[in-house]
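Hi,

Here is the structure I promised to pass on.

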Amino acid sequence: MPAAPDIFPRKSRHRGRGHPPGDNTMNKRHFVQGLGLLAAAPWATSWAQSSGTGFPNKPITLILPYAPGGPTDQHLRVVAEEAGKILGQPIVLDSRPGANGVTAAAALTRASADGYTLGVLPASVYREPYINKVPFDPTTSFSYIALLSDYSFGLAVRQDAPWKTWADLVADARKRPGALNIGATGAMGTPRIVMEEVLAAAGVKANVVTYKGDADVATAILGGHIDAAPLSGGAVPHIDAHKMRYLVMLTAQRVPRFPTLPTLKESGLDHFIDSPYGVAGPKGMDAARVAQLTAVFQKALLSPAGMKAMELLNQQPNYKDPAQYQRYAQEAFAREKQRVAWLRDQGLL
């Protein structure tokens, strides 16, 4: 089986040492660093009172691409509440799940560019234009405001699963080609695609079974219907309850919450799930209003409540300003073209 394309830039490895699983030392360090960034921001105090723009004078709608209850919804509810406090107006979440994020992104393109309708863009919006006809171009259809965070995925199994490491799972898959079932969210979601790439790179065969959402995947693991699955924050409560565990992290580097767990990259497979999300508006938004909202969302992201929400979900801030976020979108859109071509070559699309 041909190897999956190496489409992600190399990143340095962080080999967190000296902290047992569940130790909060590194989490606290990141929390303090986040508060330091927040305190250093020039708009950190009395921003809403001193802005003098008159915006907003009514509630803001934030369109989410996922159903309520998932990691994105949990995180954004906190961020929206904190941002609303700063702005003096509530930010109301409007869930528009479906079509790998296309439904929500399409709704955003139809909105007025006055800043009262914003949306959360998942990584899938950079891939979908190569798969289906969509009413947007990721490079031109949005006013990028602030990239917020990224999911920290690990390959989850039941607590009583026979495999202790990624190598154990691969060895079993080689002995029993096609016998193992690996779950993933979304037929064309990033977790499913990365698992197909990883299996190809490892030279093993397994069945990748798709589900609508992380909650369904977690239920399938706990019920013994699948053997393993990439899961992010949705796995953490089950891991804390000793019902699940991670075999390996599917992140670019080790994560503070599970510092002794190696990454897949450390075992020789240079693949990880890159799936950040952020806030954008319709194209054509006034630059000053974009800057205003950028400052607010950065402050909300790095607030004590925002940092706590990410800690509970095993996530870290991945803030990018509008220019950086726009560049990321352009680079991601270009990378997805290569990825989709590989999926077609493998008959996976």
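Predicted model: local features only at pLDDT ≥ 70, side-chain atom pairs only at ≥ 80, totals over all residues.

If sheets are new to you: their strands pair through backbone hydrogen bonds, either parallel or antiparallel. You can find the antiparallel kind between β5 and β9, which are joined by five bridges. To see one of them, pick Val157 and look across to β9, where its bridge partner is Arg245.

For the parallel kind, go to strand β6 (residues 181–185) and strand β7 (residues 207–211), which pair over five bridges. Here Gly183 has Val209 in β7 as its bridge partner. What do β6 and β7 make together with helix α6 (residues 190–202)? The three form a right-handed β-α-β unit.

**The aromatic rings**

Now for the side chains. How many aromatic pairs does the structure hold? There are nine. Take Phe136 and Phe142: their ring centres are 5.6 Å apart and their planes meet at 50 degrees, so this pair counts as tilted. Phe136 is buried, at 7% relative accessibility, and Phe142 is buried too, with a relative accessible area of 4%.

Another pair to click on is Tyr151 with Tyr277. The centres of these two rings lie 4.9 Å apart with the planes at 40 degrees, so the pair is tilted. Why does this pair tie together parts that are 126 residues apart in sequence? Because Tyr151 lies in the loop between β4 (142–150) and β5 (154–158), while Tyr277 belongs to strand β10 (residues 276–282). Are these two buried or exposed? Tyr151 counts as buried at 7% relative accessibility, and Tyr277 counts as buried at 1%.

Back to Phe136 and Phe142 for a moment: along with Tyr144 and Tyr325, they form one aromatic cluster.

One last thing to look up is a charge and a ring. The charged end of Lys58 sits over the ring of Tyr116, at 4.7 Å from the ring centre.

Note on methods:
Residues numbered from 1 in each chain as written. Heavy atoms only, no water. Phe/Tyr/Trp six-rings, centres within 6.5 Å; stacked < 30°, edge-to-face > 60°. Buried < 20%, exposed > 50% of the residue type's maximum accessible area, 1.4 Å probe, protein only. Helix = DSSP H or I, 4+ residues; strand = E, 2+ residues; numbered from the N terminus. Lys NZ or Arg CZ within 6 Å of the ring centre and 35° of its normal. Pairing = 2+ DSSP bridges. Right-handed = clockwise from strand over helix to strand, strands pointing away.
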